[in-house]
Each structure stands twice: as C-alpha cells, then as structure tokens.
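Work through the following exercises with the sequence and the 3D structure open beside you. Try each task before reading its solution.

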Amino acid sequence: MRYAFLLDMGKCIGCRGCAMACKNFYNLEPEMVWRQVYPLAEAIYPHSGRAFLSLSCNHCEHPVCVTACPTASYTQRADGIVVHNMETCIGCQNCVRSCPYGAPRYSATLGKVQKCGMCWERLDAGLLPSCVLGCVTGALTIINLDDYVAPGIVQYPAGYPVMKKISPSTRFILPKEPVMYGVKP
Amino acid sequence: MSFEFPLVFFTVLTQLACGMAIFLCWRMWINPDSDDLPKRRAWLWTGGVAAVGLIASLCHLGQPFQAYMALINLGASSLSWEVLAFSCFTALAFLVYFVYSRALALLAAIIGAVGLFTQGLTYAPPSMPAINNVFPMVVFWLSAIALGASSLTLIRSAEYNLAGRLAMCALIAVLLIAPSIWLSGSTTMRETGLLWLKSGGFWCGAVLILLAFVATWFDKGGKILRFASLFCGVFLTRMIFFSGTVHTASNMGLPFN
C-alpha cells in the first residue's frame, strides 16, 4: 500500500477549492498554505483555456526532508505518507531549503515548519483527505500506487521539477489539447 | 530576497575558526618549541569566534531554546553532524587554550575539518541545482583556509603562508567561474548565475577578496585592512550564496529544462 495524489489536469479548473478546503480544515494562518495551485505557463500549455498544477507535499518515495531534518521530525509511514511532527520541530528550515517542491512551509508566528500530511488521521478513519473532498470537479483523487495502473499517467509533467532520486509519489493525467468543434484535428 | 544573516555569520565565523585551528595545529606540530603565549591566545580567539558563530546560528531557529534537539538525527542528517562537530570543536578550542596539548589541538583541527565537510553537505540541497554539487564544499574550505591564514597574521604577528594566498586566489576563481558555468545550465541554474552576476554585493565581495589577495601578494597595506577586506568579501559573497541561489519551487508551472 502506497498512497499518492492523482491530479487529472484535464479536469482541474484552477478554482483553488482544494487549497481552501485544506486551509479551512487545519485552520491555517492567513499567510500559510499547505496546498498551492500553480497555473501552467503559456509556453507549456499555449491555449486560451488554462491548465493548472495543484500541489502539496508529494510524499516522495525517498523524501529529502526526512534526511535533512536534524530533529527527526519527519517520518515516513508504511503507506508512504510523510508525516511531520510539529512538537519536535525547532524551526531550522533545513527542510524548506531542501525540498525541491517547496512543500514544507515556515510559520514565523509559530517558529515551526508545517506541511501536508495527506490528512493521515482522516485516511486512517476511512475518510478522504480534505483537499480531495474540496475538489469540485473530481480532478484530485487518492490512489494506491502499488496497484494503480492506468494509461497516460505521468510522474513529471512540464513545469514540475524532475527529481528521479527522490521520486515524488504524485501522479498526473495531462490536459488534452483543446478541441474546436467542427474542425477536424 | 532573504539574506539569512544568522546563517551567513554562522558559516563565515565557523569557517574562520576552523581555518585558524588548522593552521595553529600545524604550527604546533612542526615547531613545538616556539613561543607559547601567543599560540594559546590564538586558541582562545578560535574558540571565541566559533562560539559567536554558534550563537548567531541560534538566531536562525524558530525555537532557539530547543537547539539541542538538532543532535537527534545523527543517523541521517548532515545538519545534526554539523551541529555536533562545531559544538565539540568550540569546546575543544577553549580546552586547548587551558590545557595546551598538541594532541588536543590535532583533535580540534580534525573535528573542525569534519564540521567543514558536513557544512559542505548541508548547504548543497537537491532543491538548488546550482549548488547541489561540490561548489559549497570547495567555497567553504577555501574560505576557511584563506580566512584562517589571514587572521593569524593579526593574532600572532605571523607572516602570510602560501596556502592562505593560494586559497584566496582559488576562491576568487571559483566564485567567478561557477556562475559563468551556471549560465549554460538548466533554467534554475541559469537564473542563479544571472542573479549572482547582476548582484552588486557579489561583485563588491569579489573585488574585496581580490584586493586582499593583491595586498598580501605584494605585501602592501596593513594587516588589519587586508583581513577586513577578505572578511567583508567572503561575507558579501556568502550573503549572495544564501539570497541569490534559486530554488526549484520558484519555477513551478514554468518551463524547466
């Protein structure tokens, strides 16, 4: 069992419902975000309809935060979820510097780092993560990477850093080229 | 843009202290019968500089009173090793001042070297492709040797040694060549190279190191001025190291290559 986020970029409309659901559920401070929606640059997706990357922690196979943290505040569960323990965090921000995806965020108010834990408490209770529930188009889902096989799924879409040694678990379905009705492609 | 002053002070001062310890130890071993008092005072300075660096690093923490917890992850984190090495190094430097033993001095120098090595690993994260290589290690070692050699001329009225001069020359070369190479690298590396080369602080730092090198090579200018020029140069370029190195996350959604 290895949990992972799956983002269908063809369905994502960039509404930021996932980011807001996460923020509301965890009562985050105004400047803090655990999930962020990044619009794809026109150089990558040159169409009038936009495409987006909705990203939080990627719960990598070999997470760099686990080895960067001097207080061992990060642990990787058997199901692949990387959990951050705020109690032992001393706010050194080495994880913030080290994560290529910018997942850990430093809260100056708390003097500690925070990040997405894939709502592991909810998953353990048989519930879906708040961001998945908050996604109005069903673009964001949770999959089990060990037995999930589907065509067209990519690990590194354009606009997303390629880090093969770290191997982020998030998977993507790329947006399709827009179809102009009445015009044959 | 954050200059990360606590980290700048921490890295520069610990490197200065390590450089001092390495040269002091070397002199103690090759010339054991020379004057004792200036050498002992130099070890006191070494410990003091390292202690100030460690205190500066606490200012970077969100929870400075829990800094001791940074020693927990010695099994995986190079930062834990860095904290351990520099804490032991500082204590040993003070101990050498009181006990004055060649064996202890050697131990202090070795642990300082371990600290420099772990520092080179800690500040080469995969999120910053430009410095995710041997660059921080080389710059930190060259800074330590150059600063250490330069500072001892102040404390012990010693002459500049060749290693210090060569380190200064190599430091300038590495600082100028690396950003130029980054310009032909990936998007993030190219952005880092441009930021460094467009930064006034970087050029001021490089010129100050160059001035210190020229002054020591031709034996011009006062020792204090030479050291101040080198220290300020290293300090300014270190500010750019922390503020001008681009993180991969800053390009999310933009074209990478």
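This is a predicted model: local features need pLDDT of at least 70, side-chain atom pairs count only at pLDDT 80 or more; totals for chains, interfaces and linings use all residues.

**Exercise 1.** Describe the domains of chain B and the contact between them.

*Solution.* The domain assignment divides chain B into domain 1 (1-122) and domain 2 (127-248). The C-alpha centres of these two domains of chain B are 20 Å apart. Turning to the contact itself, domain 1 of chain B supplies 31 residues and domain 2 of chain B supplies 27 residues.

**Exercise 2.** Which residues touch the most other members of the largest nonpolar core, and why does this core lie between two domains?

*Solution.* The largest nonpolar core holds 67 residues, and among these Trp43(B) and Phe135(B) touch the most other members. The greatest contribution comes from helix α1 (residues 5-30) of chain B, which gives 14 residues. Since domain 1 (1-122) and domain 2 (127-248) of chain B both give residues to the core, it lies between them. To see the surroundings of one member, select Trp43(B) and set aside its neighbours within four places in sequence; its contacts then include Ala21(B), Leu24(B), Cys25(B) and Met28(B), as well as Tyr97(B) and Tyr100(B).

**Exercise 3.** Find the largest pocket and say which residues that line it are the closest to its centre.

*Solution.* The volume of the largest pocket is about 560 Å³. It is lined by 22 residues, and those closest to its centre are Val96(A), Arg97(A), Glu4(B), Met128(B) and His247(B). Sorting the lining by class gives 10 nonpolar, 9 polar and 3 charged residues. The elements that give two or more residues to this lining are α3 (94-98) and β6 (105-107) of chain A, together with α9 (223-243) of chain B. At the level of domains, domain 1 (1-122) and domain 2 (127-248) of chain B each provide at least three residues of the lining.

**Exercise 4.** Where does Pro104(A) lie, and what does it touch?

*Solution.* Pro104(A) is placed in the loop between α3 and β6 of chain A, and with a relative accessibility of 3% it counts as buried. Although Pro104(A) and Lys115(A) are 11 residues apart along the chain, their C-alpha atoms are separated by 4.8 Å. Not counting residues up to four places away in sequence, Pro104(A) touches several others, among them Tyr74(A), Cys95(A), Val96(A) and Lys115(A).

**Exercise 5.** What is the phi of His59(A), and what is the phi of Ala72(A)?

*Solution.* Most residues other than glycine have a negative phi. His59(A), which is not a glycine, has a positive phi of about 45°, and Ala72(A), likewise not a glycine, has a positive phi of about 55°. His59(A) sits in the loop between β3 (52-55) and α2 (64-68) of chain A, while Ala72(A) is found in the loop between α2 and β4 (74-76) of chain A.

Notes: Residues are numbered from 1 along each chain as its sequence is written. Chains are lettered from A and ligands numbered from 1 in the order in which they are written. Side-chain values use heavy atoms; hydrogens and water are left out. A nonpolar core is a set of buried Ala, Val, Leu, Ile, Met, Phe, Trp, Tyr and Cys residues joined through side-chain atoms within 4.5 Å. Buried means under 20% relative accessible area, exposed over 50%, partly exposed in between (1.4 Å probe, protein chains only). Helices (H or I, at least four residues) and strands (E, at least two) are DSSP runs, numbered from the N terminus. Domain bounds come from an automatic or database domain assignment. Contact means heavy atoms within 4.5 Å. On a 1 Å grid over the protein atoms alone, a cavity is a set of points where a 1.4 Å probe fits but cannot get out, and a pocket is an open set with protein on both sides within 12 Å along at least five of seven lines; lining residues have an atom within 4 Å of a point. Grid points are joined across faces, edges and corners, and a volume is the space filled by probe spheres set on the points. Ala, Val, Leu, Ile, Met, Phe, Trp, Tyr, Cys and Pro count as nonpolar, Asp, Glu, Lys and Arg as charged, and the others, Gly among them, as polar.
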